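Dear colleague,

Please find below the structure that I am handing over to you. My notes on it follow directly after.

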Amino acid sequence: GLTAVADIAGFLQVDTGGAQRSSADTGGFWGKYAWVGLQSARLGSIRLGRQATPTFINTIRFEPFNGSSAFGTVLHTYLPTGSQPMMTANGSVGANAGGLSAGGDSAWNNAIGYSSPVVSGFSMQAMVAVGEGAAAPAPGRRYSAALYYVSGPLGLGFSMDKIDKSSALVVRTASDPAGAPYTLTGLNTTLFGGSYDFGVAKLYAQMYASKLKLGAAACVKLTTTQLGTAVPVAGTGRAIVSWLHTTRDQSGVADKTRSTLSMGYDYDLSKRTDVYAVVMK
């Protein structure tokens, strides 16, 4: 009863033809996924290769903008903060602060992942990825696990990430005290998420907490809260609202906060095509 499965996918920048997510992305051509596996309805599935982490799946599962990197939770947890010198929860730092750290990607290379079948509404995922070498910005060994529960309109999720011995550099920003760049030696992330579909509206909520270990010198704690809703309007359309708030706490550095409010309307023209408009602050 086993079935062989595979997924090899890359990104396309439609304005330039680039094969990565952005001009700053130095990843490979198959930067999205590149894995093979076996699955069955009774035993679940096992996958080998580059694949999405359970925490990333949780992030977009409980997000009304469906994983949008421009408007939703991914903006605060997986992307650098641009002009704001504040790390994101997965270990990234702002573009003015030396680029991205490794290991906090939405998918991991050299990974072995297992997904269980659904039993009484419960399912789980677990993944481990081997270290990528000693040279920066190679990440160390990585672990990720998640537990899901779905019953009718209710959905709940919990996940954890742990990255050991990452050699990525975390460059000090202009607003931080003067000093040498830190080395990111470890990263722990915990995510709680939930959703409930009332029919007239679907509500979403997440709490994302990360601790970045910067050698023996310091650590950075980041907490992101997300609340959102999607309301069906005019057939296949929906009004969407998402609010995000992130705090950064680092010893010896002034606390920073970041808030994002996105409100929009999305209309499905077909199963594959939609149009949308969003205002954002």
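Met-124 stands opposite Leu-147 of strand 6; strands here are DSSP runs of E with at least two residues, numbered from the N terminus. The model is a predicted one, in which local features need pLDDT of at least 70, side-chain atom pairs count only at pLDDT 80 or more, and totals for chains, interfaces and linings use all residues. Residues are numbered from 1 along each chain as its sequence is written, and side-chain values use heavy atoms, with hydrogens and water left out.

Strand 6 (residues 142-151) pairs with strand 5 in the antiparallel sense over eight bridges, where pairing requires at least two DSSP bridges between two strands. Strand 6 also runs antiparallel to strand 7 (residues 154-164), joined to it by 10 bridges, and Tyr-149 faces Leu-156 of strand 7. Two residues separate these strands in their hairpin, in which Gly-152 has a positive phi near 60°.

Arg-50 belongs to strand 3 (residues 44-52). Arg-50 counts as buried because its relative accessibility is 11%, buried being under 20% relative accessible area, exposed over 50% and partly exposed in between (1.4 Å probe, protein chains only). A polar atom of the Arg-50 side chain lies 2.8 Å from the backbone oxygen of Gly-31.

Yours sincerely

Methods
Helices (H or I, at least four residues) and strands (E, at least two) are DSSP runs, numbered from the N terminus. A polar contact is a pair of N or O atoms within 3.5 Å; within protein, one must be able to donate a hydrogen and the other to accept it, and residues adjacent in sequence count only if both atoms are side-chain atoms.
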